[in-house]
Amino acid sequence: MAKKRPQTKAGKAGQAQVTSGEIPVVGAREPCPCGSGRRYKACHGRTAAHAVTELVQRPFEGLPGECDWVALRELVPAATVPLTLKGGLPEGVPSVTLATVLPMAWPALRRDDGSVLLALQNDSSSGDLARDLADTLQRALETEPGTPVPPRRVPAEGPRLQELLDADAPFAPEVHTGFEFWVPASADGADPEVAASLERANAAAIPTVKLTGVDSAYWCETPDKNHLRWVMPHPEEKLLDALARLQAGEGTSLGENTRLVGSFRAHGLMVPVWDLPTSMTAEECEKPAAEFAKRLAGALASDAPLTAEERRARGGLTNRQVTLS
């Protein structure tokens, strides 16, 4: 059997001292930078591993437009939103823009003019999307212009988006028909890889429109039928009760041949989904959606026990729930 390697005690002469707040992330099998002599995974890496895997159920809670953050993360193919940082923009950064996705799945891009694009739909390296995105944003602000920001394992200690963004600034998504926003209007021509990625993304994008009369509702067109997907901020149990009250009385309809078919659960919020006829446009959804919002407000205000019919409706809605994240 191999002999155990003697461990070096922290604080040995000639060895640099590192405080807990300064411990960098290293490979799991490498010596821990704190100087304990143990491998990182058996020392400070334990805390880091727990912190990056613990799931945050509502990562966008506390941000303006939480429902739209969820929609852009899970439902909307192509959209952008200007972001406002606390304390203003750093020198040399004219703007920061959230984008649903970027070419080649870049987490972020610092453009030639210094502006930053931050992608929302990339994979998360931890259980906290807000921390992952904040880490990417900070790196994007400091990287050289004209450079994409690569993915990395996010350190356990670090700010979240809620600490970097101005909570009083509006969150106003602009939904696009394609991904041409990847290429600045002033650019002479796109990189061949970017151009190919743009062509593939445009071909796969589902036409989507944000309704203007209600919050966080998105109409989309598919070959067989259209849909309305509406991210709602209400507590799940309360919202299910309200939808059941309306469903039992046929109050969930948005018009002829429309039907509430179920819901998604995404990032701690519920997303009811309606099937719509292919002939029903986004504009034609506006009035019935606004009328439904009024009926829903009334149902949410009720504390009466559910009737037998309403309980059956609730069971049907629960059985048709799909968890996205």
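**Cysteines and positive phi angles**

The structure holds zero disulfides, and it should be read throughout as a predicted model.

**Cysteines**

- Cys67 has a relative accessibility of 10% and therefore counts as buried, the cut-off for that class being under 20% relative accessible area.
- Cys220 takes part in no disulfide, since the nearest cysteine sulfur, which belongs to Cys285, lies 9.9 Å away, whereas a disulfide requires a pair of cysteine sulfur atoms within 2.5 Å.
- Cys220 is also buried, and its relative accessible area is 1%.

**Positive phi angles**

- As background, most residues other than glycine have a negative phi.
- Met104, a residue other than glycine, has a positive phi, with a value near 55°.
- The position of Met104 is in the loop that runs between β2 (96-99) and β3 (108-110), and with a relative accessible area of 33% this residue is partly exposed, a class that lies between the buried limit of under 20% and the exposed limit of over 50%.
- Asn257 likewise is not a glycine and yet has a positive phi, of about 65°.
- The loop between α6 (236-248) and β10 (259-266) is where Asn257 is located, and because its relative accessible area is 63%, Asn257 is classed as exposed.

Terms used:
Residues numbered from 1 in each chain as written. Predicted model: local features only at pLDDT ≥ 70, side-chain atom pairs only at ≥ 80, totals over all residues. Heavy atoms only, no water. Buried < 20%, exposed > 50% of the residue type's maximum accessible area, 1.4 Å probe, protein only. Helix = DSSP H or I, 4+ residues; strand = E, 2+ residues; numbered from the N terminus.
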